[in-house]
Amino acid sequence: MSQSYNRGLIEDFSRWREFEAGMWAWIFHKFTGWVLIGYLFTHIAVLSTAIPAADGATMMFQGSQTDVFTGTIVSLEGLLLVRILEVGLLAVAVFHMLNGTRLLLVDLGVGLEAQDKSFYASLILTGAITVASVPTFIAGAF
Amino acid sequence: MAERYSSFESGGRMWLLQRVTAAFLLVVLAFHFFLLHFVHHADEVTLAASSARMEQLSYYSLMVLFLVTATFHGVNGVYNALVNQGLTGTKRTVVKWSLVAASVVLLFQGIRTANAWAGGFPLL
């Protein structure tokens, strides 16, 4: 079970200048968590096109009849907006994973004294992995 | 400052499960991204290729376990975030059971999809 802590309202935007590394890590972890669970529901909804596809449902795609699963996924992947959103999803997932590792370690009693440095390291590594992945995620979109 | 910095009540079963699923998801989510974006590219997805992977019991089991742990970790995370913001009483109970219902729907639909790819539960 979890407890309620009074951190003040994050909606009180004027406070943001007072936030330290730990507060930013907390906000980013919540934000990326909400994005990821929202994406999980969307992901399963899109992948569910495999159910009619397995029963033989087809759609017109690039001039020929294609099963609805393949047609839906490849159509979506053909949109530049979807590719950009996928890069965003990668960034969100990588940050949540790296910061989550940081939280697990702190819970195990490792690195509490360097928790601000490990947050900055999570941010820098997220940026580096995301930038390095852009060519792979954008390939074939143009 | 408090001695413990976690938002969760230490020692609870849900607290532990959130961390155990986190450790599992770290590995499997990285594998999932790597396999489906770097080994195979997302724009090369086909029903046949997805079916070929899902017909293997090891892959099917891993993906179903991935779905179950991700659903638990995500939905429990949302619940904890809301409680953390001060959700109490009847609202808390309503939110809790709504999240449980959403999880059941997600798991049901996810497993239906996995079975559609695999052509039923893969035995071998």
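The model is a predicted one, in which local features need pLDDT of at least 70 and side-chain atom pairs count only at pLDDT 80 or more, whereas totals for chains, interfaces and linings use all residues. Residues are numbered from 1 along each chain as its sequence is written, while chains are lettered from A and ligands numbered from 1 in the order in which they are written.

Within helix α3 of chain A, which spans residues 68-77, the buried residues are A:Val68, A:Phe69, A:Thr70, A:Gly71, A:Thr72 and A:Ile73; a residue is buried if 20 or more other C-beta atoms, placed from the backbone, lie within 10 Å of its own. Helices (H or I, at least four residues) and strands (E, at least two) are DSSP runs, numbered from the N terminus.

Chain B has 4 helices and 0 strands, and 21% of its 124 residues count as buried. Of the contacts in chain B with a separation of 6 or more, 74% join residues 24 or more positions apart, a contact being a pair of residues whose C-beta atoms, placed from the backbone, lie within 7 Å.

Between the chains, 40 residues of chain B are in contact with 36 residues of chain A. On the side of chain B that touches chain A, two or more residues come from each of α1 (13-39), α2, α3 (57-84) and α4 (89-118) of chain B, and α3(B) gives the most, with 10 residues.

Note on methods. Buried ≥ 20, exposed ≤ 12 C-beta atoms within 10 Å, placed from the backbone. Contact = placed C-beta atoms within 7 Å.
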